[in-house]
Amino acid sequence: MLIGRQRVIKSSEITPRDVYLNRRDLIAGAAGLGASGLIGGEAFAAKIEAAKSKFSTDEKPTSLKDVTSYNNFYEFGVDKSDPAANSKAFKPTPWNVKVDGLVNKPADYQLEDFIKPSTVEERIYRLRCVEAWSMVIPWVGIPLADVIKRADPQGSAKFVAFETVVRPPEMPGQKGLFQPLPWPYVEGLRLDEALHPLTLLATGLYGETLPNQNGAPLRLVVPWKYGFKSIKSIVRITLTDKQPRTTWNISNPGEYGFYSNVNPAVDHPRWTQATERRIGEGGVFNKRRETLPFNGYADQVASLYSGMDLKTNF
Ligand SMILES: Nc1nc2c(c(=O)[nH]1)N[C@H]1C(S)=C(S)[C@@H](COP(=O)(O)O)O[C@H]1N2
Ligand SMILES: [Mo]
């Protein structure tokens, strides 16, 4: 339809790809005018050319603004707007990552050697937060399996533990009287979960390096688990034979388990997990969405848990 000189595109004609490309143009345009104000941090500069992935959802991505202004990153404060506001002084470069534990090739990497920009893929994933909201995010990254295989795990390795940086001078949530969590933030996966092709180590989103508030310069993305498994600003990856301790389980074991698979049939003690609110779909007329088992990735991952009682292993 044409109105005046402007072609009006029906919403049904807009594909996620169009939305995404428009966003990219928008970002590119804004970048010249100093988009660092929009995103915060110096890391915003680098554009990333990433191969497309067959693992991407074709759902419409959540706007860049929502993806970068509605965050959970308690190192920068507990409110959703805190990470964007308080992470501008955080320095994601240079960055070192240690890979150690039960591996034959332990290493201390500089980020550039750890993940070559030429090897990254774009993966559009749903992210379902334990607080019953969700987003769709075009990540850039590499399968975690690639870096684990590079380390050559020993036969006794059964789990992978992850650790976030501790940097009180740059992370206001890590200093002062009220500290909401014990630091470092730690997370863990079973080795088979870590090796699953969906499990991503992300270095960017929307075709740019990761904004600080989203976990610069390196964060985990496990799309079938609640968002808190996706640990940010990783400095250490350790292969172990014991189930790793995880921050939310340490802080409140009755509410947050080790597995944390998205499961509409197991409610959080204080709210339902049967439905979710998609960020950006505000307003009274927008119905909540039904939450899908394993966040919609059941076909790919349910077999990892065959024979397990997912009510007790929540
Ligand atoms: N280090 C660290 N990682 C973290 C968190 C955190 O507080 N600290 N919050 C988690 C939670 S609860 C969610 S929902 C996701 C949010 O990721 P996003 O802000 O990039 O959407 O990050 C996860 N990773
Ligand atoms: Mo979360």
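**From a strand residue to the rings and the ligand**

A: Let's start with Glu187, which lies in strand S9 (residues 186-190); helices (H or I, at least four residues) and strands (E, at least two) are DSSP runs, numbered from the N terminus. Before going on, please note that this is a predicted model, in which local features need pLDDT of at least 70 and side-chain atom pairs count only at pLDDT 80 or more, while totals for chains, interfaces and linings use all residues. Residues are numbered from 1 along each chain as its sequence is written, chains are lettered from A and ligands numbered from 1 in the order in which they are written, and side-chain values use heavy atoms, leaving out hydrogens and water.

Glu187 is buried at 1% relative accessibility, where buried means under 20% relative accessible area, exposed over 50% and partly exposed in between (1.4 Å probe, protein chains only). Its side chain makes a polar contact of 2.7 Å with that of Lys229. Such a contact is a pair of N or O atoms within 3.5 Å; within protein, one must be able to donate a hydrogen and the other to accept it, and residues adjacent in sequence count only if both atoms are side-chain atoms.

Lys229 then takes us to an aromatic ring: it lies over the face of Phe258, at 4.5 Å from the ring centre. Here a charge sits over a ring if NZ of Lys or CZ of Arg is within 6 Å of the ring centre and within 35 degrees of the ring normal. Elsewhere, Arg126 is placed over the face of Tyr297, 4.7 Å from the ring centre.

Gly257 is buried, with a relative accessible area of 7%, and its C-alpha atom is 5.2 Å from that of Phe314, 57 residues apart along the chain.

Now the ring pairs themselves. Rings of Phe, Tyr and Trp (its six-membered ring) pair if their centres lie within 6.5 Å; planes under 30 degrees apart count as stacked, over 60 as edge-to-face and the rest as tilted. By this rule there are 13 aromatic pairs. Phe76 and Phe90 are edge-to-face, because their ring centres are 5.7 Å apart and their planes stand at 85°. This pair links distant parts of the chain, 14 residues apart: Phe76 is in the loop between helix H3 (64-69) and helix H4 (82-86), and Phe90 in the loop between H4 and strand S4 (96-101). Both Phe76 and Phe90 are buried. Tyr109 and Phe114 give a tilted pair, 5.0 Å centre to centre with 50° between the planes. Tyr109 is buried at 16% relative accessible area, and Phe114 is buried at 1%.

Finally, the ligand. Ligand 1 is surrounded by 15 residues, the closest being Tyr74, Glu75, Arg219, Ser230 and Lys232; a residue counts as near if one of its heavy atoms lies within 4 Å. A backbone N or O atom of Tyr74 is 2.8 Å from an oxygen atom of ligand 1. Glu75 brings a polar side-chain atom to 2.8 Å from a nitrogen atom of ligand 1, and a side-chain N or O atom of Arg219 lies 2.8 Å from an oxygen atom of ligand 1.
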